[in-house]
Amino acid sequence: VGTAAVIKTNAYKTEKPILTAAISNLGHYAIATTSNKYASDVTVYKKNGKQIYEWYSADITVNNIALSSNGKKMAVAGIDLLSSEHKSKLCVLKYD
């Protein structure tokens, strides 16, 4: 767990610890971090660094991300640490 990531030639600095990150074939990238208000926060950026999507989860602590090759979907996997059973969860999210 850290607070810095280098995506190809772009450097990205977060205020919160990075949980995981992913990059697509198009060069879009996603970074999951911890959050003060949520279990996890995932932000997706275009290759040029412009933010295109942000997703917050109140219950899932993200441990893996996958971005589609067309740059329009994201799969987020994690563990629900708020439930007494600590269930694994997978969410597939579509964005434009």
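Visitor: What makes the pair Asp 59 and Lys 89 a salt bridge?

Guide: The distance does. Their side chains meet at 2.9 Å, N to O. The cut-off is within 4 Å, from a side-chain nitrogen of Lys or Arg to a carboxyl oxygen of Asp or Glu. The pair Asp 59 and Lys 89 therefore counts.

Visitor: Why is this pair said to tie parts together?

Guide: Look at where the two residues sit. Asp 59 lies in the loop between strand 5 (51-57) and strand 6, and Lys 89 lies in strand 8, so the pair links parts that are 30 residues apart in sequence.

Visitor: Are these two residues buried, exposed or partly exposed, and how do you know?

Guide: Asp 59 has 25% relative accessibility. Lys 89 has 30%. Buried means under 20%, and exposed means over 50%. Both values fall in between, so Asp 59 and Lys 89 are partly exposed.

Visitor: What makes the pair of Lys 89 and Asp 80 a salt bridge?

Guide: Their side chains meet at 3.2 Å, N to O.

Visitor: Why is Asp 80 called buried?

Guide: The relative accessible area of Asp 80 is 7%. Buried means under 20%. Asp 80 is therefore buried.

Visitor: How do you know that Lys 87 forms a salt bridge with Glu 85?

Guide: The closest N and O atoms of Lys 87 and Glu 85 are 3.5 Å apart. That is within 4 Å, so this pair counts. Glu 85 is exposed, with a relative accessible area of 57%. Lys 87 is partly exposed, at 44%.

Visitor: Which residues are joined into one network?

Guide: Asp 59, Asp 80 and Lys 89 are joined, through salt bridges that share partners.

Visitor: Why is His 86 called partly exposed?

Guide: The relative accessible area of His 86 is 44%. Exposed needs over 50%, and buried needs under 20%. His 86 lies in between, so it is partly exposed.

Visitor: Why is Ser 57 called buried?

Guide: Ser 57, in strand 5, has a relative accessible area of 3%. The cut-off is under 20%, so Ser 57 is buried. Its side chain reaches the backbone nitrogen of Ile 60 at 2.8 Å. Ser 57 also touches Tyr 38, Ala 39 and Ser 40, leaving aside residues up to four places away in sequence.

Visitor: Which residues touch the most other members of the largest nonpolar core?

Guide: Of its 14 residues, they are Ala 30, Val 42, Trp 55, Val 62, Ile 65 and Met 74. Strand 3 (29-33), strand 4 (40-45), strand 6 and strand 7 each give two or more residues to this core. Strand 6 gives the most, with four residues.

Visitor: What does Trp 55 touch?

Guide: Beyond four places away in sequence, the contacts of Trp 55 include Val 42, Val 62, Met 74, Cys 91 and Leu 93.

Visitor: Which strand has the lowest mean pLDDT, and which the highest?

Guide: Strand 1 (residues 2-7) has the lowest, at 68, and strand 6 (residues 60-67) the highest, at 96. The protein averages 88. Where pLDDT is low, the predicted coordinates should not be read in detail.

Technical notes:
Residues are numbered from 1 along each chain as its sequence is written. This is a predicted model: local features need pLDDT of at least 70, side-chain atom pairs count only at pLDDT 80 or more; totals for chains, interfaces and linings use all residues. Side-chain values use heavy atoms; hydrogens and water are left out. pLDDT is the predictor's confidence in each residue, from 0 to 100. Buried means under 20% relative accessible area, exposed over 50%, partly exposed in between (1.4 Å probe, protein chains only). A nonpolar core is a set of buried Ala, Val, Leu, Ile, Met, Phe, Trp, Tyr and Cys residues joined through side-chain atoms within 4.5 Å. Contact means heavy atoms within 4.5 Å. A polar contact is a pair of N or O atoms within 3.5 Å; within protein, one must be able to donate a hydrogen and the other to accept it, and residues adjacent in sequence count only if both atoms are side-chain atoms.
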